[in-house]
Amino acid sequence: MSQIYDVIVIGGGPGGYTAALYAARANLSTLVLEKLTPGGQMGTTDVIDNYPGFPEGIGGFELAMQMKQGAERFGAKTELSEVISVELKGPVKQVRTQGGTYQARTVVLASGAHPRELGLPGEGELRGRGVSYCATCDGMFYRNKTVAVVGGGNTAVADVLYLSRLCQKVYLIHRRDELRASKVYLDPLQKAGNVEFVWDSQVQELLYGETVTGVRVKNKKTGQLREIPCDGVFVAVGHIPNTELLRGQVELDEAGYVLAGETTKTNLPGVFAVGDLRKKPLRQVVTAASDGAVAAHFIEEYFSTTVKENG
Ligand code: NAP
């Protein structure tokens, strides 16, 4: 019979590794299952300025590796393997991955979210040929070129600021005339010099040959169409939670976010949800990390009550 872990954490982002750190430090056998590389979305963020303790900011990947090492110092293990199905209802949970099946008495769901697509014709096939969902991953391919960023949230403006340092010109295309992003970004955006705001505009069409050559946008107020020539389009229009595998087992809201309150407890005993896949008002590295600590606290409670009672 294979080992039954005390805790399996699905997803190695800040929420997952904080849960792993606290659980391992509480002497619970802990395994983190991560699809690709630690860090989740944080791992592909250029600079994190709003995680406390780093007065100069810190690279997202660097912070991810430090979180992983912090959890490993107390004995947490990591397996790089994609989870393909879960059975979370019984007292011993089954987590099937491409590398085999793992068992645990508790599971922390920490698989985050992925970028939403615009849903335009050609978008899928142009991925890697002018369409990108990650400025810090792909920005360097557009050095001294012209790019457009679509969206008005924190991801979009962080992408614009990052790209404005690399590219000749950056268009920010937003469907309203006001950004959703934190006000702190406004001043640096205005100072950037090579950023042009395209307000009230929706991208109607991607223009392309072998690669992207531009976008056609429609002004929602005037109805006017405009072609914007560019070499790349960075899509930053929000995220979709990675909760497909959980459907039918864990309670989700209409958008697919896991319903778990501040305790991180889901509807299933022994199953906890942390970070961006949980329904919550603010999705940040620090709130994901906070969730991880809270989950471990209630996992300890679960072991001292439910598991003890069941033997
Ligand atoms: P978000 O805050 O949900 O913003 C999505 C943006 O895309 C909104 O401006 C929205 O427009 C626009 N949008 C949505 N669907 C669209 C469509 N079909 N066509 C055109 N535009 C569309 O998502 P996010 O920026 O990815 O951020 C996700 C979470 O991560 C947030 O909680 C955010 O605060 C956090 N985050 C924080 C930081 C940071 O603090 N440094 C950095 C990155 C992300 P409307 O405004 O009109 O709805």
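This is a predicted model: local features need pLDDT of at least 70, side-chain atom pairs count only at pLDDT 80 or more; totals for chains, interfaces and linings use all residues.
Sorted by class, the shell around the ligand holds four nonpolar, eleven polar and four charged residues.

**Around the ligand**

Altogether 19 residues surround the ligand, and the closest of them are Thr155, Arg176, Arg180, Tyr185 and His239.

| Residue with the polar side-chain atom | Ligand atom | Distance |
|---|---|---|
| Asn50 | oxygen | 2.9 Å |
| Tyr185 | nitrogen | 2.8 Å |
| Gln284 | oxygen | 3.1 Å |

The ligand, when it is taken alone, exposes 920 Å², and the protein buries 77% of that area.

**The sheet**

Five strands form an open sheet in the order β10-β17-β11-β12-β13, and their pairing is parallel. Strands β10 (131-132) and β13 (195-198) stand at the edges and have a single partner strand each, so one side of each is left without a neighbour in the sheet.

Is strand β11, which spans residues 146-150, mostly covered or mostly exposed? Strand β11 is mostly covered, since five of its five residues are buried, where buried means that under 20% of the relative accessible area remains. In a regular strand the side chains alternate between the two faces of the sheet. In β11, Thr146, Ala148 and Val150 point one way, whereas Val147 and Val149 point the other way, and all of these residues are buried.

On one hand, β11 is joined to strand β12 (residues 169-173) by five bridges, and these two strands run parallel. Between β11 and β12 the chain passes through helix α4 (residues 154-164), and this β-α-β crossover is right-handed. Within this pairing, Val150 stands opposite Ile173 of β12, while Val149 stands opposite Leu172 of β12.

On the other hand, four bridges join β11 to strand β17 (residues 232-235), and this pair also runs parallel.

Key
Residues are numbered from 1 along each chain as its sequence is written. Side-chain values use heavy atoms; hydrogens and water are left out. Buried means under 20% relative accessible area, exposed over 50%, partly exposed in between (1.4 Å probe, protein chains only). Two strands pair if DSSP finds at least two bridges between them. A crossover is right-handed if, with the strands pointing away from the viewer, the path from the first strand over the helix to the second runs clockwise. A residue is near a molecule or strand if one of its heavy atoms lies within 4 Å of it. A polar contact is a pair of N or O atoms within 3.5 Å; within protein, one must be able to donate a hydrogen and the other to accept it, and residues adjacent in sequence count only if both atoms are side-chain atoms. Accessible areas come from the Shrake-Rupley method with a 1.4 Å probe; for residues, only the protein chains shown count as cover. Ala, Val, Leu, Ile, Met, Phe, Trp, Tyr, Cys and Pro count as nonpolar, Asp, Glu, Lys and Arg as charged, and the others, Gly among them, as polar.
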